[in-house]
Amino acid sequence: MGITMKQNESKILIFGGTGYIGSHMVKASIKLGHPTYVFTRPDSDKKDLIREFQSMGAIIIKGRVEEHDKLVEALREVDIVISALAYPQVLDQLKILEAIKIAGNIKRFLPSDFGVEEDRVSALPPFEAFLDKKRRIRRAIEEAKIPYTFISANCYGSYFINYLLNPSHPNKQEITVYGSGEAKAVLNYEQDIGMYTIKVATDPRMHNRIVIFRPSENAVSQLELISLWEKKTGKIFKKTHISEEEIVTLSQTLPDPQNIPVSILHSVFVKGATADFEIGGDDVEASSLYPDLKFSTVDEMLDVFLKNPPKPASAAFE
């Protein structure tokens with residue numbers, strides 16, 4: 001496959017590119033002018049999305065992560081590898097890592113993080129076990145001395161606005177608040193996460209760094225979010241609080257993997273895990289890195305919901 005390269009272009013291979021956050025990365029990579037490859041299962045049911053990617057210029061590689069030789073061959077075509085595999089496939093990234101070692105040409109690997117900064121938070125056991133798998137991948141990458149960037153993108157804005165406010169139910173009078181509703185959470189628009197991920201992946205300054213997407217104006221509490229939404233819609237909602245105690249109990253009594261989402265809600269919306277630590281040392285906060293790029297504010301995201309609400313999505317935990 002011959003692609004003529006321009007200056008500042010990197011060939012980027014994306015795993016999980018047909019998934020919720022991965023699709024935004026594929027589109028951003030194409031938009032920014034990088035030759036973009038998407039590794040997808042031969043039996044993927046995302047046929048329309050794959051066709052859309054192809055019409056935008058992406059190269060689709062059909063295969064499975066178990067097919068070692070196929071992986072190595074695909075990797076030898078590219079410079080940068082981004083994995084946006086969903087949680088159930090997190091440990092499959094060890095197979096990608098093995099193939100990266102053999103290929104020997106990869107300039108940067110971004111594993112499937114894109115959530116809370118797992119090396120800086122501790123959580124209830126079900127979420128802790130979830131984060132441990134991601135930490136295992138990070139440590140394996142460091143140990144293999146593969147050049148990396150680890151990204152903490154915090155909360156997917158549309159996903160959580162849908163989850164917290166249920167804006168697609170126009171007759172809804174009541175909103176559930178987790179804990180006191182006062183802890184801050186960082187909400188970033190999915191398209192921005194896609195864009196910043198590609199910028200960071202191709203930025204020589206971000207080699208072997210942890211990059212955190214935490215624009216200060218996007219740290220918002222549930223109560224602030226509800227109040228903003230009330231102002232925009234002219235409605236007043238009844239707030240029903242679920243106490244921290246109830247959430248902790250659910251995390252202990254729900255079967256696995258249903259115990260993971262409640263444990264995530266606890267970390268993010270009760271404890272404020274995305275907003276409550278200092279960014280220091282070698283860690284980089286992304287919002288000031290690129291003068292030509294900025295994160296949409298929570299206010300702007302809510303405007304999108306007023307005009308053309310994104311469909312609710314659900315995360316895969318099994």
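I began at R139, which is partly exposed with a relative accessible area of 33% (partly exposed lies between buried, under 20% relative accessible area, and exposed, over 50%; 1.4 Å probe, protein chains only). The model is predicted: local features need pLDDT of at least 70, side-chain atom pairs count only at pLDDT 80 or more, and totals for chains, interfaces and linings use all residues. Residues are numbered from 1 along each chain as its sequence is written, and side-chain values use heavy atoms, with hydrogens and water left out.

**Entry: R139 and its partner**

I looked up the partner of R139 and found E142, in a salt bridge with the closest N and O atoms 2.8 Å apart (a side-chain nitrogen of Lys or Arg within 4 Å of a carboxyl oxygen of Asp or Glu). E142 is partly exposed too, at 30% relative accessible area. Helices here are DSSP runs of H or I with at least four residues, strands are runs of E with at least two, and both are numbered from the N terminus. I then followed shared partners: salt bridges join D113, E117, E118, D119, R138, R139 and E142 into one network.

**Entry: R138 and E117**

Next I checked R138, whose side chain meets that of E117 in a salt bridge at 2.7 Å, N to O. This pair links distant parts of the chain: R138 is in helix α5 (residues 125-143), E117 is in the loop between β5 (108-110) and α5, and they are 21 residues apart. R138 is buried, with a relative accessible area of 0%. E117 is buried as well, at 1%.

**Entry: E128 and R135**

I noted another salt bridge, E128 with R135, the closest N and O atoms being 2.7 Å apart. R135 is buried at 12% relative accessible area. Over the whole structure, my search gives 24 salt bridges.

**Entry: α3 against α4**

I turned to helix α3 (residues 68-75) and helix α4 (residues 93-103). Their axes come within 9 Å and cross at roughly 55° (lines fitted to C-alpha atoms over the stretch in contact, with angles from 0 to 180 degrees between N-to-C directions). That makes α3 oblique to α4 (under 35 degrees is roughly parallel, over 145 roughly antiparallel, 65 to 115 roughly perpendicular, the rest oblique). H68, L71, V72 and L75 in α3 meet K95, I96, E98, A99, I100, I102 and A103 in α4 (contact means heavy atoms within 4.5 Å).
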